[in-house]
Amino acid sequence: MHPDRKERLHAMGTAREAAHRGLLKLMLRLPSLRAELQLLWQKDAGLEPLCEAYEDATTTLDRLLKGATDGEHGLVEEYRNVCRALEADVVARCRARVARPRF
């Protein structure tokens, strides 16, 4: 296998793993939507990038909370807002799916 292709495949696997970790975090954060999130994970390809972004944002927030330097304290609130916005997007996506009639 060509080295570039191998790197791309590894990056895709890593992104999918990060998205899955983000999904698990969202399921813990939004317990009332766990079942809906599990369904969306299987059926809505648009959820994966949101979950990956949530994983990245929560990981960065955790790092900042554990040891933010003087110049990074403003970033803590910024990352909290990013996490809240991603959570709101996921909730809206779940509600939109539930609101759609199923035939």
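A residue counts as buried when its relative accessible area is under 20%. In this predicted model, leucine 64 has a relative accessibility of 2% and is therefore buried. By that criterion, 31% of the 103 residues of the protein are buried.

The secondary structure consists of four helices and zero strands, and the order along the sequence is α-α-α-α. Among the contacts in the protein with a separation of 6 or more, 66% join residues 24 or more positions apart.

Helix 3 comprises 21 residues. The distance from its first C-alpha to its last is 30 Å, close to the 30 Å expected at 1.5 Å a residue. The buried residues of helix 3 are Leu47, Leu50, Cys51, Tyr54, Glu55, Ala57, Thr58, Thr60, Leu61 and Leu64. Leucine 64, in helix 3, is in contact with Glu72, Leu75, Val76 and Tyr79 when residues up to four places away in sequence are not counted. With one of these, leucine 75, the C-alpha to C-alpha distance is 7.7 Å at a sequence separation of eleven residues.

Helix 2 (residues 34–43) packs against helix 3 (residues 47–67), with axes that come within 8 Å and cross at roughly 120°. Helix 2 is therefore oblique to helix 3. The contact brings Leu37, Leu40 and Trp41 of helix 2 to Leu47, Glu48 and Cys51 of helix 3. Sorted by class, the residues of this contact are five nonpolar, no polar and one charged.

Nonpolar side chains tend to be buried together in soluble globular proteins. In the present model, the largest nonpolar core has 22 residues. Those with the most contacts inside this core are Leu23, Leu26, Leu37, Leu47, Cys51 and Val90. Two or more residues are given to the core by each of helix 1 (3–29), helix 2, helix 3 and helix 4 (73–99). Helix 3 gives the most, with seven residues. Contacts of leucine 26, with residues up to four places away in sequence not counted, are made to Leu37, Cys51, Tyr54, Glu87 and Val90.

Apart from residues up to four places away in sequence, alanine 18 touches Cys51, Glu52 and Glu55. Two of these, Cys51 and Glu55, are listed among the buried residues of helix 3.

Arginine 34 belongs to helix 2. Its relative accessibility is 36%, so arginine 34 is classed as partly exposed. Leaving aside neighbours within four places in sequence, the contacts of arginine 34 are with Met27 and Leu28. Arginine 34 is also 10.0 Å from cysteine 94, C-alpha to C-alpha, at a sequence separation of 60 residues.

Conventions. Residues numbered from 1 in each chain as written. Predicted model: local features only at pLDDT ≥ 70, side-chain atom pairs only at ≥ 80, totals over all residues. Heavy atoms only, no water. Axes fitted to C-alpha atoms, helices over the stretch in contact; angles between N-to-C directions. Parallel < 35°, antiparallel > 145°, perpendicular 65-115°, else oblique. Contact = heavy atoms within 4.5 Å. Nonpolar A, V, L, I, M, F, W, Y, C, P; charged D, E, K, R; others polar. Core = buried A, V, L, I, M, F, W, Y, C linked by side-chain atoms within 4.5 Å. Buried < 20%, exposed > 50% of the residue type's maximum accessible area, 1.4 Å probe, protein only. Expected span 1.5 Å × (residues − 1).
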